[in-house]
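User: Can you walk me through the packing in this one? I'll ask as we go.

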Amino acid sequence: MRRALAVAVAGALLLPASADAARVHVMVVGQDQVLRAPKDVKLKVRTVKVGGKRCRVAAATPLSALVATRLKLGLRDYGGCGKRPRDAAGLYVSKVGREREKGRGGWVYKVGRRAGSAGAADPAGPFGTGKRIRGGQRITWFWCEQDQTGGCQRTLEVRPERTSAAPGEALRVTVRGYDDQGHGVAVAGATVRLGSATAVTAADGTAVLTVPAAAGTLRLQAERAGMVRAFPREVAVG
């Protein structure tokens, strides 16, 4: 997967150790299913096995977040990783779970809405600018099927008009799809779910759900064939 390889060999810059305190939200989406549902993980320096050696990975990196999911990983080293996290910029994720790169498909990550342009363990940050991952950010690892331009399928984002509602109320939600650069468009035909309630988005990317009669916090979800499903949003019902 040439695009992923280019990302893997980006340069490195050592970051402060204070990144260890950050927590981020991470989700891993495979070809046909979610391999790891969204969870909060602590960004800390971690150690991975690559061939016959052990390599340290800097804290505020997408690879640190992926390792925290405890999924089985396949890694290659296109640099010289070892005891120093700054030497891990050439690490490349070739396999997650049972899904190994093949043809034009392979593993990539997004921080928020944008695809990373640096290696997943590059301490220079996901975009190679020295700006590291911050606490509270969303990291999506997903199986990318490259198109003819080298881009991945869009990732979905779902937003409710409000984050609390009463049972039986109408709740309008909006679904947008983002490309590698973080440019979004309205997505028609996406299925949205809130507990037992479901709806399909119209041409403008909106849908209206009837809030289920269940008190508590429900997850708002969105998916559509050919796109990466959205991070769930929480809606308080009561």
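User: Ser-94: buried or exposed?

Analyst: Ser-94 is buried, with a relative accessible area of 2%. Buried means under 20% relative accessible area, exposed over 50%, and partly exposed in between, with a 1.4 Å probe and protein chains only. This is a predicted model, where local features need pLDDT of at least 70, side-chain atom pairs count only at pLDDT 80 or more, and totals for chains, interfaces and linings use all residues. Residues are numbered from 1 along each chain as its sequence is written, and side-chain values use heavy atoms, with hydrogens and water left out.

User: Where is Ser-94 found, and what is it in contact with?

Analyst: Ser-94 is in strand β6; strands (E, at least two residues) and helices (H or I, at least four) are DSSP runs numbered from the N terminus. Leaving aside neighbours within four places in sequence, Ser-94 is in contact with Gly-74, Leu-75, Arg-76, Glu-99, Arg-100, Glu-101 and Trp-107. Contact means heavy atoms within 4.5 Å.

User: OK, cores. How many residues has the largest nonpolar core?

Analyst: It has 33 residues, and Leu-63, Leu-91 and Trp-141 have the most contacts inside it. A nonpolar core here is a set of buried Ala, Val, Leu, Ile, Met, Phe, Trp, Tyr and Cys residues joined through side-chain atoms within 4.5 Å. Elements that give two or more residues to this core include β1 (23-29), α2 (62-68), β6 (91-96) and β10 (138-145). α2 gives the most, with five residues.

User: What does Leu-63 touch?

Analyst: Not counting residues up to four places away in sequence, Leu-63 touches Val-57, Leu-73, Leu-75, Leu-91, Val-93, Ala-120, Ala-121 and Trp-141. There is also a second, separate core of 21 residues, which includes Leu-156, Val-158, Leu-194 and Ala-197.

User: Switching to rings. How many aromatic pairs are there?

Analyst: Three, from a search of the whole structure. Rings of Phe, Tyr and Trp (its six-membered ring) pair if their centres lie within 6.5 Å; planes under 30 degrees apart count as stacked, over 60 as edge-to-face and the rest as tilted. Tyr-78 lies in the loop between β5 (73-77) and β6, and Tyr-92 in strand β6, so the pair ties together parts that are 14 residues apart in sequence. Tyr-78 is partly exposed at 38%, while Tyr-92 is buried at 4%.

User: What about Tyr-109 and Trp-141?

Analyst: Their ring centres are 5.4 Å apart with planes at 45 degrees, so that pair is tilted. The pair links distant parts of the chain, with Tyr-109 in strand β8 and Trp-141 in strand β10, 32 residues apart. Tyr-109 is buried at 4% relative accessibility, and Trp-141 is buried at 2%.

User: Which ring does the charged end of Arg-114 sit over?

Analyst: The ring of Phe-127, 3.9 Å from its centre. The charged end of Arg-138 sits over the ring of Phe-231, 5.7 Å from its centre. The criterion is NZ of Lys or CZ of Arg within 6 Å of the ring centre and within 35 degrees of the ring normal.
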